[in-house]
Amino acid sequence: MDLFSRTWAALRAAVADLSDEDFGRPSGCTGWLVRDLVCHLIVDAQDVLITLATPSDREPTRDALSYWDISGAPPTGDDPLDALTVRLAAAYEDPRLLRFHLDDVGAAAGRAALLADPAGRIGTRDEILTVGDFLSAYVMEWTLHHLDLIACVPVAEQPPAKGLARSREMLERIAGSPFPTSFPDVDALLVGTGRRAPTKAELAELGDLSSRVPLYLS
């Protein structure tokens, strides 16, 4: 619960520190500008609120790792929901409105997470998870999107170190193998999720793991 709060607070602070010009820069998400990603974060915050308000008495069907659907192909940006996000972001026009909406809904999502029982069961995407597993999955969501947010922003704070380490650990468990210890957490996450291609030297160090990554999470 604490790590969810830390990573979410850091991501919202990073958005608050963006200049108006930064909203027009490319993000680390294929086909999205920074403003599109911020709009997506608003939708994410709404998802957290809705899910935490959807209790269930069924047995969990997924956990923090199996929450993710894994694709072998990178996103193209042509998905209808992705395209809708771009249109919604453009409709805001003024970056100040995006900042305000994220701060408003994001703060509510953060408070809801703090009030939730980690052992409680909740439903999302036709699956059942414990609150603790759902919020753990979102630690990776916040951390990866923090890296996406600052991909082309010259001066920006990195995600919290503990969030990076926890996200790396989860990605390694999903991949079924650890990344080489020579890979810093940021590089392990970027290469492991296909956000950048490995260098020749990194590819050699990955060894057998190179056949299992990148993993495209959704």
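Modeller: One definition before we start. Buried means under 20% relative accessible area, exposed means over 50%, and partly exposed lies in between. Keep in mind that this is a predicted model.

Biologist: Is R35 buried, partly exposed or exposed?

Modeller: The relative accessibility of R35 is 31%. Under 20% would be buried and over 50% exposed. The value falls in between, so R35 counts as partly exposed.

Biologist: Which residue forms a salt bridge with R35?

Modeller: Side chains of opposite charge can pair when their charged atoms come close. For R35, the closest N and O atoms of the pair are 3.9 Å apart. The cut-off is within 4 Å, so the pair counts.

Biologist: Which residues do salt bridges with shared partners join into one network?

Modeller: Here the salt bridges share partners. They join R62, D69 and E127.

Biologist: How far apart in sequence are the parts that R99 and D20 tie together?

Modeller: R99 forms a salt bridge with D20, at 2.8 Å between the closest N and O atoms. R99 lies in helix 4 (residues 95-115), while D20 sits in the loop between helix 1 (2-16) and helix 2 (34-52). D20 is partly exposed, at 42% relative accessible area. The pair therefore ties together parts separated in sequence by 79 residues.

Biologist: Is D22 buried or exposed?

Modeller: D22 forms a salt bridge with R25, with the closest N and O atoms 2.6 Å apart. R25 is partly exposed at 29% relative accessibility. D22 has a relative accessible area of 7%, under the 20% limit, so D22 is buried.

Biologist: Which residue in strand 3 is the bridge partner of T124?

Modeller: Strand 2 (residues 121-124) and strand 3 run antiparallel, joined by 4 bridges. Their hairpin has 2 residues between the strands, and R125 takes a positive phi near 55 degrees. T124 has its bridge partner in strand 3: E127.

Biologist: Which residues point the other way from E127 and L129 in strand 3?

Modeller: In a regular strand the side chains alternate between the two faces of the sheet. E127 and L129 point one way from strand 3 (residues 127-130). All the residues named for this strand are buried. Pointing the other way are I128 and T130.

Key:
Residues numbered from 1 in each chain as written. Predicted model: local features only at pLDDT ≥ 70, side-chain atom pairs only at ≥ 80, totals over all residues. Heavy atoms only, no water. Buried < 20%, exposed > 50% of the residue type's maximum accessible area, 1.4 Å probe, protein only. Pairing = 2+ DSSP bridges. Salt bridge = Lys/Arg side-chain N within 4 Å of Asp/Glu carboxyl O.
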